[in-house]
Amino acid sequence: MTDRLIGRVPWTLLAFAAALCIPLLASRFYTSLATDILILALFATSLNLLLGTTGLVSFGHAAYFAAGAYTCAILMKNHGAPFALGFAAAGIVAGAIALAFGFFCVRLTKIYFAMLTLAFAQIVWAICFKWNDVTGGEQGLSNVPYPDLAWMAGIPGLGGMRVGEHYFYVTLVLVGLCFLILRRISESPFGRILTTIRENPERAEFIGIHVRRYELAAFVVAGVFAGLAGALFGIFNRGVFPDFGYWSKSAEVLIMVILGGMGQFWGPLVGAFTLTALNQQITSYTEFWPMVLGLVLIVLLYAFPAGILGTLAGIAGGRRERTDA
């Protein structure tokens with residue numbers, strides 16, 4: 001009975017309402033941290049569409065994150081474009097690059113697919129690192145402007161806030177809309193076909209599903225939302241740098257998905273929160289934070305073999321079955 005009541009609680013709406021209160025109740029530091037987590041959660045959720053839903057392991061997802069970040073930054077800083085145009089262009093450019101790369105990647109399977117995604121991502125990183133006239137090269141693009149958010153001062157309760165807190169609300173709304181779209185995609189017939197492909201691609205091909213075509217579509221959609229996350233992150237970071245597309249960024253977001261729970265829609269959000277919070281806490285206590293963070297992650301992955309949310313969902317499902325029996 002208790003499980004059923006808990007299941008009826010609109011947790012998503014409650015979480016969104018709680019997030020709205022962060023700038024009102026928390027310090028600037030925690031508002032900035034929440035903005036960072038939201039953006040990384042969107043980045044991780046886009047990868048989860050590939051990894052958790054479709055079963056494609058990508059080691060180069062940061063390429064589309066960087067493409068979106070550079071596109072938005074170049075348009076806003078060098079050409080004075082409005083944020084709305086830069087944000088939309090980030091998703092389009094990242095999606096176009098994902099389409100070009102995905103056309104070749106989906107022709108391979110398993111480890112060969114993963115390694116090819118990494119190879120393409122390294123090409124993007126090299127272009128960002130060397131193309132000084134456009135990307136700023138090794139120095140990147142600094143002083144990326146915030147969007148014009150003066151209009152938010154007229155909203156009751158937001159008039160006395162700084163631009164960083166206004167940007168948090170913009171990020172919250174945009175990320176929330178992206179989550180809504182991704183949730184609809186994952187629950188649509190298209191999403192169910194992707195799950196079928198993940199479970200048994202040979203059987204999916206046998207019943208008439210064009211597996212490569214659907215994998216390419218998932219690859220492009222994931223790239224679009226990774227690009228949108230990159231656009232938000234570049235502005236939040238007040239700069240875009242080649243490291244955005246480096247392999248370590250892909251590894252970071254891959255850890256978030258695995259840590260939160262592959263295949264669980266909200267798993268990447270939990271993983272992004274956990275990894276970012278651990279990183280912030282451990283770095284403030286010791287200079288050996290990489291080693292300590294690695295040990296903590298090992299313990300967490302052993303304690304939650306299906307990811308944090310995946311393991312908890314499994315426990316809850318087991319309890320529900322015993323109650324019904």
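1. Basis. The model is predicted: local features need pLDDT of at least 70, side-chain atom pairs count only at pLDDT 80 or more, and totals for chains, interfaces and linings use all residues. Residues are numbered from 1 along each chain as its sequence is written, and side-chain values use heavy atoms, with hydrogens and water left out.

2. N48. This residue belongs to helix α4, residues 28-54 (helices are DSSP runs of H or I of at least four residues, numbered from the N terminus).

3. T117. Helix α7, residues 110-130, holds T117. Residues up to four places away in sequence aside, T117 touches V57, S58, F59, G60, C105 and F219.

4. Second largest pocket. Its space is about 560 Å³. A pocket is an open set of points on a 1 Å grid over the protein atoms alone, where a 1.4 Å probe fits, with protein on both sides within 12 Å along at least five of seven lines; lining residues have an atom within 4 Å of a point. Of the 19 lining residues, L40, S248, K249, E252 and N279 are the closest to the centre.

5. Lining by helix. Helix α13 (247-260) gives the largest share of this pocket's lining, six residues. Helices α4, α12 (211-237), α14 (267-283) and α15 (289-303) each supply at least two residues.

How values were computed
Contact = heavy atoms within 4.5 Å. Points joined across faces, edges and corners; volume = space filled by probe spheres on them.
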